[in-house]
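Dear colleague,

I am handing over the structure below, and my notes on what was found in it follow.

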Amino acid sequence: MNRKFPEGFLWGAATSAPQSEGAQYEDGRTPSTWDKWFELEPEYFNQDQGPQETVQVYKRYQDDVKLMSAINHNSHRTSISWNRLLPDGKTVNEKAVQFYRDYFKRMKEEGVEPIVNLFHFDMPWWLMECGGWEARESADHFAHYAK
């Protein structure tokens with residue numbers, strides 16, 4: 001039986017900001033839950049590899065996007081780091097905006113559709129200290145972030 005994938009089928013891969021970006025505290029990024037969990041209990045991470053031990057997308061995204069295209073991916077699911085974009089929950093980090101805009105623009109130029117997730121279990125630590133999702137203010141902060 002010869003089966004074909006439907007027209008427009010998305011071939012790609014998926015990752016998230018905490019899994020891939022690296023540049024843990026560079027350009028204004030503040031700690032997330034993953035950063036603190038690793039700091040407190042590194043033994044629960046694979047071979048003690050935490051948020052600083054990634055593929056360094058923040059610095060290597062231009063080459064990564066070319067590789068996506070070279071292996072015929074037409075999509076890539078990733079996330080935006082809330083604590084990179086809004087390090088204090090209020091002020092937009094322009095370096096983060098520049099990074100994400102260029103990253104996603106380059107994907108599109110290479111025929112790779114970015115599929116963006118806003119939250120991949122990486123809440124800013126300052127918000128976790130206020131009670132995380134159990135605190136009503138978290139919904140308000142997330143709405144501001146999403147906007």
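Y103 is buried at a relative accessible area of 3%, where buried means under 20%, exposed over 50% and partly exposed in between (1.4 Å probe, protein chains only). This is a predicted model, in which local features need pLDDT of at least 70 and side-chain atom pairs count only at pLDDT 80 or more, while totals for chains, interfaces and linings use all residues. Residues are numbered from 1 along each chain as its sequence is written, and side-chain values use heavy atoms, with hydrogens and water left out.

The ring of Y103 is stacked with that of F104, at 5.5 Å centre to centre and 25° between the planes; rings of Phe, Tyr and Trp (its six-membered ring) pair if their centres lie within 6.5 Å, and planes under 30 degrees apart count as stacked, over 60 as edge-to-face and the rest as tilted. F104 is buried as well, with a relative accessible area of 14%. Both belong to a cluster, linked by ring pairs, that also includes Y58, Y61, F99 and Y100.

Over the ring of Y58 sits the charged end of R84, 4.1 Å from the ring centre (the rule asks for NZ of Lys or CZ of Arg within 6 Å of the ring centre and within 35 degrees of the ring normal).

Elsewhere, F5 and W11 form an edge-to-face pair, because their ring centres are 4.7 Å apart and their planes stand at 70°. F5 counts as exposed at 51% relative accessibility, whereas W11, at 42%, counts as partly exposed.

Best regards
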